[in-house]
There are 2 protein chains.
Amino acid sequence: MIDVCLLGTGGMMPLPYRSLTSMMLRYNGSSILLDCGEATQIAVRRRGWSFNPIDLILITHFHADHISGLPGMLLAMGNADRTEPVTLVGPPGLERIVRSLLVIAPRLPFKLEFIELEDIADVQTLNLLGLEIHAFRLQHSMLCYGYSFTLHRAGKFNPAAAKALGLPVNYWGKLQRGDTVSYEGKEYTPDLVMGGARKGLKIAYATDTRPIAQISKEASGADLFICEGMYGDGSAESDHKAREKKHMTMQEAASLAANAEIAPEKMWFTHYSPSFINPQDYEESAKSIFPAAEVVKDRASLVLDFEED
Amino acid sequence: MIDVCLLGTGGMMPLPYRSLTSMMLRYNGSSILLDCGEATQIAVRRRGWSFNPIDLILITHFHADHISGLPGMLLAMGNADRTEPVTLVGPPGLERIVRSLLVIAPRLPFKLEFIELEDIADVQTLNLLGLEIHAFRLQHSMLCYGYSFTLHRAGKFNPAAAKALGLPVNYWGKLQRGDTVSYEGKEYTPDLVMGGARKGLKIAYATDTRPIAQISKEASGADLFICEGMYGDGSAESDHKAREKKHMTMQEAASLAANAEIAPEKMWFTHYSPSFINPQDYEESAKSIFPAAEVVKDRASLVLDFEED
């Protein structure tokens with residue numbers, strides 16, 4: 001089960017009624033924060049989630065609206081009695097940037113561990129906290145990454161097959177965890193007792209960027225695809241701004257979802273321009289391209305769970 | 001006329017219902033910002049004041065809750081089309097700290113000019129934007145300054161006296177501005193036509209600190225004295241925390257006001273601890289020490305104007 005909260009939906013600057021774009025996932029006792037602009041800590045408080053279990057913070061890029069809240073967030077985690085190390089993932093230069101920001105928070109009660117992405121590969125895979133995380137390169141005015149999170153699910157265990165093999169019950173768990181078992185001089189592999197892999201859970205997240213094919217690939221098969229829709233009123237001016245500032249319109253984002261090999265189950269827009277007062281006015285236009293597209297507000301939340309067998 | 005807004009009243013961390021302590025003054029077309037914690041830019045937007053005219057930013061000290069919002073504030077000022085230089089005043093090391101924070105805002109459309117206070121003097125006087133500003137050393141866990149702002153007011157011009165001297169009207173303005181005038185071989189000094197200096201306007205601001213005598217001196221004669229009251233429930237635990245963390249209780253702050261030679265007209269508390277949920281419950285206790293003391297909330301505002309003649 002994964003809890004998802006899109007903590008904020010704004011781009012560029014925090015507004016009284018719209019927090020900066022940031023997402024939190026909760027899985028298996030850990031919280032994962034994706035981006036941390038100014039006042040993201042307030043958005044976490046509004047949602048009522050805790051600062052202590054944030055084990056992993058991923059940063060898309062180093063524009064202030066995606067990272068300026070980091071010193072305050074780390075201090076809030078310290079005030080919440082966190083002492084375990086925290087892993088930070090982001091573009092090359094991450095450690096230098098974070099250390100520079102921490103000039104005003106020089107003493108934290110936990111260690112920071114940095115994973116800097118490479119700026120050459122299109123997609124880099126990280127296996128952290130039981131999730132397969134893809135960091136994929138976007139096309140913005142500075143090096144920027146999208147992220148997708150996949151929770152894989154093993155096939156269903158077949159106790160009848162295990163019994164038929166004559167394996168005692170105390171060997172079953174090992175096979176279920178994917179290990180090979182030796183019993184009375186014979187080797188038993190998991191595939192003898194496990195069905196094919198079942199559908200897991202997947203969340204894909206892409207902002208700030210021009211539309212590129214890799215986003216559709218990452219959105220394919222997602223339970224939830226969160227994507228920037230910074231503009232969307234269909235005016236020539238907005239379309240021009242999107243191209244010029246390396247952002248996307250809702251319609252461009254919806255087309256990315258429509259082009260995914262397996263259509264994402266849900267799609268939420270985010271990173272609305274401060275000048276975009278009523279993005280919901282343009283939801284219909286986006287839905288005409290990808291029907292599952294939704295214009296959501298701060299703290300849009302979802303609980304993702306495995307399908308019933 | 002000076003507009004005052006206490007943008008926030010919180011200490012340590014921004015809360016959904018309480019912004020971090022920060023004050024804005026507006027005088028003669030300029031805005032002056034005093035401290036800039038995380039999300040102070042949201043508080044400015046809530047108040048409805050503009051980012052563009054912020055000519056001066058004063059920082060009390062380098063704890064994150066007093067400066068972490070600076071990169072976002074400067075970016076917001078840039079987005080508000082500011083191009084004129086901005087002066088920053090603060091403790092020694094200011095420029096290094098600010099430059100370090102600006103790693104995520106490397107290109108601003110205006111220049112920054114730094115005035116670093118000395119760490120030796122008790123009181124340093126700056127004359128900026130037509131105001132006499134005192135930076136006075138406080139007693140905190142790091143070097144920290146309070147500030148007072150005085151707008152002096154000249155005496156009243158006496159047109160009858162000017163007439164009696166036989167001075168033509170076109171010389172009057174110069175005398176009113178404090179300049180000496182030569183007319184038909186004679187010198188005329190302003191005191192010949194101006195009454196004694198009248199009461200000006202004064203605002204004193206002190207947080208984060210233990211109570212010290214200098215605060216009473218700066219509060220003396222103030223129209224508004226804003227002072228930290230981080231704790232105040234009267235418990236031994238709060239009193240201990242105040243001493244240990246180098247902060248003040250409301251009662252200690254009220255005593256500072258009561259000890260001022262000329263009692264300040266109004267007194268507002270600020271910098272409430274996040275654990276201090278209902279500071280208004282203790283207003284009566286503070287008023288019993290200094291009757292003008294008030295427990296105010298975010299965006300408490302006041303317009304200060306010269307007395308009627």
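B:Arg26 is partly exposed, at 30% relative accessibility. In this predicted model, the side chain of B:Arg26 meets that of B:Asp3 in a salt bridge, 3.4 Å from N to O. B:Asp3 sits in strand 1 (residues 2-8) of chain B and B:Arg26 in strand 2 (residues 22-27), so the bridge ties together parts 23 residues apart in sequence.

**Salt bridges**

Side chains of opposite charge can pair when their charged atoms come close. Over all chains, the count is 15 salt bridges. Three of them are set out here.

| Pair | N to O distance |
|---|---|
| B:Asp3 and B:Arg26 | 3.4 Å |
| A:Lys241 and A:Glu237 | 3.9 Å |
| A:Lys266 and A:Glu294 | 3.9 Å |

A:Lys266 and A:Glu294 link distant parts of the chain.

The A:Lys241 and A:Glu237 pair stays within one element. Both belong to helix 8 (residues 236-244) of chain A, where being 4 residues apart means a separation of about one helical turn. An α-helix has 3.6 residues a turn, so residues three or four places apart point the same way. A:Lys241 is partly exposed, with a relative accessible area of 25%. A:Glu237 is exposed, at 55%.

**The interface of chains A and B**

How do the two chains relate? A rotation of 180 degrees, with 0.1 Å of shift along its axis, superposes chain B on chain A at an RMSD of 0.1 Å. That is the relation of a two-fold axis. Of the interface residues of chain B, 100% are also interface residues in chain A, so the copies meet through the same surface.

On each side, 27 residues are in contact with the other chain. The buried area is about 2400 Å², and carbon and sulfur atoms give 66% of it. B:Pro16, B:Glu38 and B:Ile104 supply 26% of the area that chain B buries against chain A, more than any other three residues. There are 0 salt bridges between the chains. The interface does have 5 residue pairs in polar contact.

Four helices of chain B each supply at least two residues of the side that touches chain A: helix 1 (40-47), helix 2 (64-67), helix 3 (70-79) and helix 4 (94-101). Helix 1 gives the largest share, 5 residues. By type, the residues on this side of chain B divide into 15 nonpolar, 8 polar and 4 charged.

In chain A, helix 3 (residues 70-79) is mostly covered, with 8 of its 10 residues buried. Among them are A:Leu70, A:Met73, A:Leu74 and A:Met77. A:Asp81 follows the helix and has a positive phi, near 65 degrees.

**A buried histidine**

Where is A:His140 placed? It is in the loop between strand 8 (131-137) and strand 9 (145-153) of chain A. A:His140 is buried, with a relative accessible area of 10%. Its side chain makes a polar contact of 3.3 Å with the side chain of A:His63. The side chain of A:His140 also reaches the backbone oxygen of A:Asp208 at 3.4 Å. Its contacts beyond four places in sequence include A:His61, A:Thr209, A:Lys245 and A:His247.

**A buried tryptophan**

B:Trp172 lies in helix 6 (residues 172-176) of chain B. At 12% relative accessibility, B:Trp172 counts as buried. Its contacts beyond four places in sequence are B:Phe157, B:Pro159, B:Ala162, B:Lys163 and B:Leu167.

Technical notes
Residues numbered from 1 in each chain as written. Chains lettered and ligands numbered in written order. Predicted model: local features only at pLDDT ≥ 70, side-chain atom pairs only at ≥ 80, totals over all residues. Heavy atoms only, no water. Contact = heavy atoms within 4.5 Å. Buried area = accessible area lost by both parts, 1.4 Å probe. Salt bridge = Lys/Arg side-chain N within 4 Å of Asp/Glu carboxyl O. Polar contact = N/O pair within 3.5 Å; in protein donor to acceptor, adjacent residues only side chain to side chain. Nonpolar A, V, L, I, M, F, W, Y, C, P; charged D, E, K, R; others polar. Buried < 20%, exposed > 50% of the residue type's maximum accessible area, 1.4 Å probe, protein only. Least-squares fit on C-alpha atoms with pLDDT ≥ 70 in both.
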